[in-house]
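Here is a short note to read beside the structure. Take the points in order and find each residue as you go.

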Amino acid sequence: MKFTFENSTRVHFGEGQIKQVGNDIPKDKKVLVLFGGGSIKNNGVYDQVTAALADHQWGEFGGIEANPQYDTLMKAVELIRAEGYDYLLAVGGGSVVDGSKFVSAAVAFQGDPWDILAKGASTPTVMPIGCVLTLPATGSESNPASVVSRGNSKLAFFDPRVRPAFAVLDPQTTLSLSPRQVSNGVVDAFVHVIEQYLTVNHNAKVQDRFSEGLLLTLVEEGPKALTNPDDMEVRSNVMWAATMALNGLIGAGVPQDWTTHMIGHELTGHYGVDHGRSLTIMLPAVMKQRRDQKGDKIVQLGERVFDINSGSRDERIDATIEAVVAFFKQMEVPTTLADVELGDDAIVKVLASLAEHGREGMSEHGDVGPTELAQMLELAR
Ligand code: NZQ
Ligand code: ZN
């Protein structure tokens with residue numbers, strides 16, 4: 001095992017922590033507050049943020065959509081270039097945080113900033129970012145990743161410099177989420193853990209045990225977030241689990257396999273399937289197609305997370321895949337393409353798009369390409 005681990009995001013967790021925003025952003029910075037379609041104006045978060053910024057000079061940019069669009073984000077870039085802001089405060093879900101990261105990188109970029117995503121181009125400098133997270137799901141609040149869409153293309157970039165300097169996680173802000181968004185968040189976090197865990201046995205005990213702890217937490221608390229939506233302890237556990245699921249800790253030094261996410265991004269890009277739902281449609285199929293390569297880890301997942309302790313290896317693998325599907329059903333999310341009314345046409349289009357985006361040599365073995373992707377999509381029918 002060999003890795004360098006760093007996570008420099010300062011996390012303020014708990015009720016009433018939004019006021020920390022005013023302390024963490026230097027008073028001489030002119031702040032641009034970025035947000036989404038308006039949920040923060042209806043749940044009191046906007047008011048708390050503006051109170052926290054009472055001693056700052058600040059402006060705002062609203063309207064960042066779910067699966068943030070390049071064209072929208074470029075309007076924020078133009079605003080910053082015109083009005084001279086020097087600190088970004090993202091207030092919202094993963095889309096707002098991701099969008100703000102892109103804006104942070106795009107402002108100083110010479111040329112078409114889409115190249116940061118499409119060609120991995122590097123930007124000379126970035127703007128500092130802080131965030132107030134209102135939807136536990138993506139882990140974007142303390143990681144270096146950002147996913148942005150342009151038309152049907154949904155692409156990611158990674159730059160440690162856009163990792164937020166601080167993140168406020170107040171579980172109270174999540175009480176206004178719809179059940180659908182609560183579910184989407186829980187299953188997204190679940191799949192993040194799976195894609196860093198469900199590979200080959202690496203004898204990375206710390207990463208494995210942390211991963212299993214997060215999976216157990218999500219499997220136990222996720223359904224409660226739907227049945228007891230006002231339970232703040234449940235909300236808190238879900239929120240912290242989602243952050244820990246993709247903050248670099250459990251993935252340090254271990255093989256990873258982001259195939260489910262890569263196919264999921266195409267389903268979102270072409271058909272607008274919610275991000276979390278795109279993953280619950282694909283993960284069972286990916287597990288089925290990779291049952292040989294991932295067998296040892298699937299059995300371990302079954303034993304340690306779903307209490308599957310008997311039967312032959314094949315039976316245990318089947319039972320574990322069924323347990324994952326049952327968990328997704330409990331979270332009221334789709335588990336097949338048919339569940340979202342997609343079929344032949346979608347399979348053809350998604351495969352073409354995966355090829356166009358160069359998705360070959362994926363998985364921990366580097367052996368998932370067009371043939372395997374086609375089998376996975378067939379299994380997801
Ligand atoms: O836009 P507003 O009005 O804020 O409404 C949002 C949006 O409609 C709403 N919402 C958020 N917080 C709320 C709320 N509604 C009521 N109360 C609240 N407290 O929820 C809707 C969805 O928000 P969005 O930010 O899109 O959801 P999520 O956090 O799931 O983010 C999804 C995006 O993150 C990307 C996804 O691809 C997708 O674009 N991802 C980013 C990752 C990363 N940076 O590491 C990793 C992930 O795998 C993922 O790919
Ligand atoms: Zn995700």
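1. Start with one term. A residue counts as buried under 20% relative accessible area, as exposed over 50%, and as partly exposed in between. Glycine 248 has a relative accessible area of 33%, so this residue is partly exposed. Look for glycine 248 in the loop between α9 (232-245) and α10. Glycine 302 is 54 residues away from glycine 248 in sequence. In space, the two C-alpha atoms are 24 Å apart.

2. Keep in mind that this is a predicted model. The distances and areas below are computed from that prediction.

3. Now the metal. Which residues coordinate the zinc ion (ligand 2)? They are Asp188 through OD, and His192, His261 and His275, each through NE2. The distances run from 2.0 to 2.1 Å. Along the chain, these donors follow the spacing D-x3-H-x68-H-x13-H. Two of the histidines link distant parts of the chain: histidine 192 sits in helix α7 (residues 179-197) and histidine 261 in helix α10 (residues 259-271), 69 residues apart. Are these two buried or exposed? Histidine 192 is buried, and histidine 261 is buried too.

4. Next, the domains. The assignment gives domain 1 as 10-173 and domain 2 as 177-379. Their centres, taken over C-alpha atoms, are 26 Å apart. Domain 1 brings 26 residues to the contact, and domain 2 brings 24 residues.

5. How much area is buried between domain 1 and domain 2? The figure is about 2000 Å², and carbon and sulfur atoms give 63% of it. On the side of domain 1, Pro136, Asn152 and Lys154 lose the most area to domain 2. Together they account for 27% of what that side buries.

6. Check the polar links across this interface. The rule finds 0 salt bridges between domain 1 and domain 2. There are 3 residue pairs in polar contact, with both residues at pLDDT 80 or more. On the domain 1 side, β1 (10-13) and β7 (153-158) each supply at least two of the residues that touch domain 2. β7 gives the most, with 3 residues.

7. Salt bridges do occur elsewhere: a search of the whole structure finds 20. Side chains of opposite charge can pair when their charged atoms come close. One case is glutamate 221 with lysine 224, whose closest N and O atoms are 2.8 Å apart. Both lie in helix α8 (residues 205-227), 3 residues apart, or about one turn of the helix. Glutamate 221 has 9% relative accessibility, so it counts as buried. Lysine 224 is partly exposed, at 34%.

8. Compare two other pairs. Aspartate 115 and lysine 119 meet in a salt bridge at 3.8 Å, N to O. Lysine 119 has 65% relative accessibility, so it counts as exposed. Arginine 381 bridges to glutamate 378, with the closest N and O atoms 2.8 Å apart. Arginine 381 is partly exposed at 39%, and glutamate 378 is partly exposed at 40%.

9. Finish with a network. Which residues take part? Salt bridges link Arg180, Asp274 and Arg277.

Conventions. Residues are numbered from 1 along each chain as its sequence is written. Chains are lettered from A and ligands numbered from 1 in the order in which they are written. This is a predicted model: local features need pLDDT of at least 70, side-chain atom pairs count only at pLDDT 80 or more; totals for chains, interfaces and linings use all residues. Side-chain values use heavy atoms; hydrogens and water are left out. Donors are N, O and S atoms within 2.8 Å of the metal (3.2 Å for Na, K and Ca); water is not among the atoms, so sites may look incomplete. Helices (H or I, at least four residues) and strands (E, at least two) are DSSP runs, numbered from the N terminus. Buried means under 20% relative accessible area, exposed over 50%, partly exposed in between (1.4 Å probe, protein chains only). Domain bounds come from an automatic or database domain assignment. Contact means heavy atoms within 4.5 Å. Buried area is the accessible area (1.4 Å probe) that two parts lose on being put together, summed over both. A salt bridge is a side-chain nitrogen of Lys or Arg within 4 Å of a carboxyl oxygen of Asp or Glu. A polar contact is a pair of N or O atoms within 3.5 Å; within protein, one must be able to donate a hydrogen and the other to accept it, and residues adjacent in sequence count only if both atoms are side-chain atoms.
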